[in-house]
Amino acid sequence: MAEHRAATVGPELARAGDSLALAPAALAPAVSDPAYRVLVGDDGSAVLLRRQWTAEGIAEAVLLAAAGIGPDTPAVLETALAWGCDRVRDRPRGRGTVPVPPPGGDEPLERRFVHLAALAATRVETAVALARGTGKDEVKADGSPSLAADEAAHQAAAQVIGSLGVTVLSEERTDQEVPEDCPWVVLDPLDGTGNFRAGLPPWAFSAALVHRGRAVAGVVVDLSSGRRWWTDGGVAWRDGLAVHPRAGTTVVVPSGPGGGAVAVPPSARRVRVTGCTAVELCLVADGSAAAWHDLDRSGTHVHDVAGGLALLAASGGIALTPDGEELVLHPDTEHLMRFVAADSRATAEEMLRAFG
């Protein structure tokens with residue numbers, strides 16, 4: 001059986017266009033639009049996929065054009081799973097659908113987590129949209145906003161991920177006790193609430209599976225754009241493309257430090273603040289930024305960073321505490337931790353030196 005991969009460069013799009021009898025320009029938007037995906041195989045097979053919603057509110061992947069690939073092809077089902085879809089439809093007006101099979105109970109916990117987290121993100125996607133404009137805006141003890149969408153997001157996510165059978169911690173709930181040496185899940189159902197309220201992207205769903213202090217699997221979905229990052233502990237993926245960190249001159253930070261200046265190492269030429277920590281860490285994992293830090297701030301909560309840290313670890317990056325030790329996560333959503341995330345130990349240590 002042919003192996004299929006996401007087409008991301010011109011020659012691959014041209015080859016897919018030949019197979020599908022479509023102009024490469026018709027496939028080009030799939031490179032930048034997370035709701036589309038072009039898969040190509042070395043045997044000349046290809047498919048153009050789109051994520052869509054049915055009139056009944058079901059998320060599905062639909063084959064817009066295909067050559068040598070059907071709805072039950074493993075790569076198609078894997079794409080639908082990562083999209084958080086319930087099924088695959090063969091052609092836009094076709095009646096034939098194939099359910100996306102969940103991982104079996106004997107498969108690794110990390111893979112089962114990724115499947116459920118992707119589904120949870122889809123449920124959150126609709127829940128926060130429907131909650132917009134309802135309820136009363138409040139302010140949490142730490143000064144961050146709390147919206148009706150936060151509670152709707154938690155309810156939608158916890159209902160799905162709870163079936164994994166491990167303890168689930170969330171920003172929106174009091175912590176439960178986690179037995180020693182047992183894995184646990186931590187959620188930020190709606191990271192970037194302030195952005196969501198303002199209508200200023202990004203805002204995101206973030207979830208991680210943590211074991212022995214390490215985020216071993218994670219899913220982060222930018223709900224404002226549809227971009228998705230995920231890992232089951234093996235490869236780190238962004239929209240079907242394997243990603244790795246890389247050296248660069250862009251640093252991302254969570255906020256301005258109390259109105260003061262942002263301190264950065266001499267090698268940094270750009271500083272970015274997105275207002276969504278989960279996405280910021282993914283930008284380091286996928287090489288869009290060289291580093292992230294909160295070293296000149298009070299710190300960050302585990303639910304804000306665990307999903308992104310799973311991507312960072314799987315991609316080959318590193319997170320160091322101010323004393324130069326690798327970051328260890330604890331099942332405590334009230335605890336604040338300070339660290340730097342970077343493409344390499346050398347970059348992380350340079351950041352630490354910049355802060356003395």
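# A guided tour of the model

Start by selecting the open sheet of five strands, whose order is β17-β16-β18-β20-β19 and whose pairing is mixed. Strands here are DSSP runs of E with at least two residues, helices are runs of H or I with at least four, and both are numbered from the N terminus. Two strands pair if DSSP finds at least two bridges between them. You are looking at a predicted model, where local features need pLDDT of at least 70 and side-chain atom pairs count only at pLDDT 80 or more, while totals for chains, interfaces and linings use all residues. Residues are numbered from 1 along each chain as its sequence is written, and side-chain values use heavy atoms, with hydrogens and water left out.

**Stop 1**

Next, select strand β18 (residues 291-293) and strand β20 (residues 340-342), which run antiparallel and are joined by three bridges. Which residue of β20 stands opposite Ala 291? Ala 342 does.

**Stop 1: Thr 277**

Select Thr 277, which lies in helix α8 (residues 277-285). Is Thr 277 buried or exposed? Thr 277 counts as buried, at 11% relative accessibility. Buried means under 20% relative accessible area, exposed over 50%, and partly exposed in between (1.4 Å probe, protein chains only). Leaving aside neighbours within four places in sequence, show the residues in contact with Thr 277, including Asp 191, Trp 292 and Asp 304.

**Stop 2: the cysteines**

How many disulfides does a search of the whole structure find? It finds zero, a disulfide being a pair of cysteine sulfur atoms within 2.5 Å. Cys 276 is buried at 0% relative accessible area, and its sulfur is 8.7 Å from the closest cysteine sulfur, in Cys 282, which is too far for a bond. Jump to Cys 85, which is buried too, at 2%. The closest cysteine sulfur to that of Cys 85 is again in Cys 282, at 19 Å, too far for a bond.

**Stop 3: helix α4**

Select helix α4 (residues 74-82): seven of its nine residues are buried, so α4 is largely enclosed by the rest of the structure. Among the buried residues are Val 76, Leu 77 and Thr 79. After α4 comes Gly 84, with a positive phi near 70 degrees.

Glu 78, Leu 81 and Ala 82 of α4 make the contact with Arg 111, His 115 and Ala 118 of α5.

**Stop 4: a hairpin**

Finish at strand β2 (residues 36-41), where five of six residues are buried. β2 pairs antiparallel with strand β3 (residues 46-53) over five bridges, and Val 40 stands opposite Ala 46 in β3. The two strands form a hairpin with four residues between them, and Gly 44 in the turn has a positive phi of about 95 degrees.

Conventions. Contact = heavy atoms within 4.5 Å.
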